[in-house]
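This report covers charged side-chain pairs and helix packing. The structure comes first, then the details.

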Amino acid sequence: MPNVPEPTAAETYAAHRSDIARLLDVLDMELERNDARAKDQRDNWAIVGNISKVRSDLINTIAFLGNMDRADVERFLNDAE
């Protein structure tokens, strides 16, 4: 069996970055699908719970990646309103 070199950190980073870009595209598609459900099911609070969970997870992800406190990300969102 031939020796296959291990990927470098840069190669692994690039592969993960590509995966994240694809996942963000899928997230956008799922948000659009859920937008339609939210319009059709105006009293369905489960949809609100789902989007709230996604929002919370994204806040945590941005805080982690940006080495910030969660409160900093929430302030950023509040400033945009």
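R75 and D72 both sit in helix 3, 3 residues apart, or about one turn of the helix. Helices (H or I, at least four residues) and strands (E, at least two) are DSSP runs, numbered from the N terminus. The model is predicted: local features need pLDDT of at least 70, side-chain atom pairs count only at pLDDT 80 or more, and totals for chains, interfaces and linings use all residues. Residues are numbered from 1 along each chain as its sequence is written, and side-chain values use heavy atoms, with hydrogens and water left out.

R75 forms a salt bridge with D72, with the closest N and O atoms 2.4 Å apart. A salt bridge here is a side-chain nitrogen of Lys or Arg within 4 Å of a carboxyl oxygen of Asp or Glu. R75 is partly exposed at 47% relative accessible area. D72 is also partly exposed, at 31%. The class boundaries are under 20% relative accessible area for buried and over 50% for exposed, with partly exposed in between (1.4 Å probe, protein chains only).

Helix 3 spans residues 70-79 and also holds E74 and R70, 4 residues apart, about one turn. Their side chains form a salt bridge at 3.1 Å, N to O. E74 is partly exposed at 26% relative accessibility. R70 is partly exposed at 29%.

Helix 1 covers residues 9-40 and carries E30 and R33, 3 residues apart, about one turn. Their side chains meet in a salt bridge (2.5 Å, N to O). E30 is partly exposed at 34% relative accessibility. R33 is partly exposed at 48%. By the distance rule, the count comes to 4 salt bridges.

## Packing of helix 1 on helix 2

How do the axes of helix 1 and helix 2 cross? They come within 11 Å and cross at roughly 150 degrees; helix 2 is residues 45-65. Axes are lines fitted to C-alpha atoms, for helices over the stretch in contact, and angles run from 0 to 180 degrees between N-to-C directions. The angle makes helix 1 roughly antiparallel to helix 2; angles under 35 degrees count as roughly parallel, over 145 as roughly antiparallel, 65 to 115 as roughly perpendicular and the rest as oblique.

Contact means heavy atoms within 4.5 Å. Helix 1 contributes L27, L31, N34, R37 and A38, and helix 2 contributes I47, I51, V54 and L58.
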